[in-house]
Amino acid sequence: MEGVEQRVVSVNGIKLHLAEKGQGPVVLLLHGFPELWYSWRHQIIALASHGYRAVAPDLRGFGDTDAPSSLTNYTVFHIVGDLIALIDLLGQDQCLWWDMTGERGLLGIYACFALIELRH
């Protein structure tokens with residue numbers, strides 16, 4: 001799909017699938033339930049064409065990302081931990097996030113505040 005690269009990375013004890021394209025500041029695209037990275041396919045291409053590195057992961061338990069068997073592995077702390085580890089893996093000190101549904105917006109906020117705390 002128009003140069004969108006997909007790969008699997010190890011973060012926070014799981015294998016996380018992501019799709020990405022572009023160079024520049026990272027924009028994390030967080031899908032809602034029951035979606036996947038594919039929901040962002042048009043935005044990935046548009047953001048990349050405007051100088052951003054668009055990164056859309058399949059969140060924990062979705063798509064080609066690992067789905068731990070225990071429900072206790074799906075707390076906000078686990079998901080935010082996945083996002084922080086992904087941001088670190090991408091070599092970023094900061095990033096933007098975009099949430100189509102509003103339900104994942106708080107995860108982006110938590111991840112950003114956690115990064116601030118970790119960096120200082």
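The legends below describe close-up views of a predicted model. Local features are given where pLDDT is at least 70, side-chain atom pairs count only at pLDDT 80 or more, and totals for chains, interfaces and linings use all residues. Residues are numbered from 1 along each chain as its sequence is written, and side-chain values use heavy atoms, with hydrogens and water left out.

**View 1. R7, E20 and R53 are linked in a network of salt bridges.** A salt bridge is taken here as a side-chain nitrogen of Lys or Arg within 4 Å of a carboxyl oxygen of Asp or Glu, and three of them are found in a search of the whole structure. Between R7 and E20, the closest N and O atoms are 2.6 Å apart; R7 lies in strand 1 (residues 5-11) and E20 in strand 2, so this pair ties together parts that are 13 residues apart in sequence. Strands (E, at least two residues) and helices (H or I, at least four) are DSSP runs numbered from the N terminus. E20 also forms a salt bridge with R53, with the closest N and O atoms 3.0 Å apart, and because E20 lies in strand 2 and R53 in strand 4 (residues 53-57), the pair ties together parts that are 33 residues apart in sequence. E20, at 8% relative accessibility, is buried, as is R53 at 18%, whereas R7 is partly exposed, with a relative accessible area of 33%; buried means under 20% relative accessible area, exposed over 50%, and partly exposed in between (1.4 Å probe, protein chains only).

**View 2. The side chains of D82 and R60 meet in a salt bridge.** The N to O distance is 2.7 Å. D82 lies in helix 2 (residues 76-89) and R60 in the loop between strand 4 and helix 2, so parts that are 22 residues apart in sequence are tied together by this pair. Both D82 and R60 are buried.

**View 3. The side chain of H31 reaches backbone atoms of E35 and L59.** H31 is placed in the loop between strand 3 (26-30) and helix 1 (41-49), and with 0% relative accessibility it counts as buried. Its side chain reaches the backbone oxygen of E35 at 3.2 Å and the backbone nitrogen of L59 at 2.9 Å.

**View 4. P25 touches G51, Y52 and R53.** Contact means heavy atoms within 4.5 Å, and residues up to four places away in sequence are not counted. P25 lies in the loop between strand 2 (14-21) and strand 3 and is partly exposed, with a relative accessible area of 46%. P25 and Y52 are 27 residues apart in sequence and 5.2 Å apart in space, C-alpha to C-alpha.

Note on methods:
A polar contact is a pair of N or O atoms within 3.5 Å; within protein, one must be able to donate a hydrogen and the other to accept it, and residues adjacent in sequence count only if both atoms are side-chain atoms.
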